[in-house]
Amino acid sequence: MRRPGRNALTGVIAVGLACALTGTAVAGSAPSSDRVVVKRGLAPAHLSVRSASARMAGGRIAVQATIVNTGRTRARSTTGALALTGGRGGALGVRTFSLASLAAGRSRSVHFTTGTAPDLPLGSGKFATVLCTDVYSQVRRFSATSSCARAGGVAITSPAGPDLRSDRVPDTVLRPGQTRARGATAVLRFGSKAHRGRFRCSLDGGPWLECKSPRRYAGLVDGPHTFAVRAVSPSGRHATAPARLSWTVDRVAPTVTLRNPANGSTTSDNTPTFSGTGGTASGDQQKVTVKVYAGTSISGSPVQTLTATMSRGNWSVTPTHALADGAYTAQAQQSDAANNTGLSNTSTFNVQTKAPPPPATYSVGGSVSGASGTVVLQDNGGDDLSVSANGSFAFATKIAS
């Protein structure tokens, strides 16, 4: 990454105000591909472009298409773009358009007209057009092979301008700032040491769109993202390799469980083993924390806080000192690199190391009067007692309360 010198910059990058980032910024490295490639026969994206067409009309590009929600859930509102390919700079976006929220299985027609050819950031020539959906990765991570569709070819004639090919190729400077944060919003700042003109940005390999610093992306879906930016000279020149930054949005907490001691169980071990499973996704920490509270709820301060280390998705730990007899409630938690914290189920159990005292028993008896002969008395249908004379009696077997 280029380091800023003494020259004043038009901006620097500050990523992570609200985005989960993990990765590096690269300026000047050769990109794998700066072109939007549209392939046929691939599985459709959540929002799919159908029946796209583009033609020249009065010096403008007229576009129409149908956008279909091929997913099983409603797609939130997002942004699409028309891009032209055929130049040296990859797929260049010349118009963005809004896509309103779309229910599963429903479709919507899109039609618009661009500005006149002289207003487009292009020279003269023949270009292929592609229509892309969700260029800001708010429904799914943008994929050129499934989020775009060919819309036809157009021929553009722009008036000849001054020959500025001798102007300097501008550099692009960015600074990653934080390497990881939380949330789904990224705010990126960039600039050029020798240039205060235009910039073009691309998210996740999407079309190059005109942009300004700071560039803000909101509602990014979970997963990896790559931002690329390049300064553009007055004549349209730009560096071959743009400045890049990669990060991962992560809003999903690890899944952690507490299996032992089982909820509602009683143990005679005053150092019972706490065990369960934890999350193993990328970024999930290997440490699991177990908090043990006195009583039947997780309130107040824990009597013990234990730390376990994951091994193949499992963890276990024993108390640092013996637990006194009584009721306890435990809960495990696990965090990830984006500071998401997953909580397990709670488990309330009893520690009982001493044998319980025997239950109290009682003798049942009474007196007999007016007896003539022998009478058989029973206690709870048993413990027969024969009485043949008046007087007091008592059953031989005592009974519990």
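Q: Which residue is the bridge partner of V63 in β7?
A: F112 is the bridge partner of V63. The model is predicted: local features need pLDDT of at least 70, side-chain atom pairs count only at pLDDT 80 or more, and totals for chains, interfaces and linings use all residues. Residues are numbered from 1 along each chain as its sequence is written, and side-chain values use heavy atoms, with hydrogens and water left out.

Q: How many bridges pair β4 with β7?
A: Seven, in the antiparallel sense, with β4 covering residues 60-69. Strands are DSSP runs of E, at least two residues, numbered from the N terminus. Two strands pair if DSSP finds at least two bridges between them.

Q: What order do the strands of that open sheet have?
A: The three strands run β3-β4-β7, with antiparallel pairing. The edge strands are β3 (47-57) and β7 (107-113).

Q: New topic. Is H46 buried or exposed?
A: H46 is buried, at 8% relative accessibility. Buried means under 20% relative accessible area (1.4 Å probe, protein chains only).

Q: Where is H46 found?
A: H46 sits in the loop between β2 (25-27) and β3. The H46 side chain reaches the backbone oxygen of T73 at 3.5 Å.

Q: And how many disulfides does a search of the whole structure find?
A: Two. A disulfide is a pair of cysteine sulfur atoms within 2.5 Å. C132 and C148 form one, with sulfur atoms 2.0 Å apart. Another joins C201 to C211.

Q: Which strands hold C201 and C211?
A: C201 lies in β13 (residues 198-203) and C211 in β14 (residues 209-211), so the pair ties together parts 10 residues apart in sequence.

Terms used
Helix = DSSP H or I, 4+ residues; strand = E, 2+ residues; numbered from the N terminus. Buried < 20%, exposed > 50% of the residue type's maximum accessible area, 1.4 Å probe, protein only. Polar contact = N/O pair within 3.5 Å; in protein donor to acceptor, adjacent residues only side chain to side chain.
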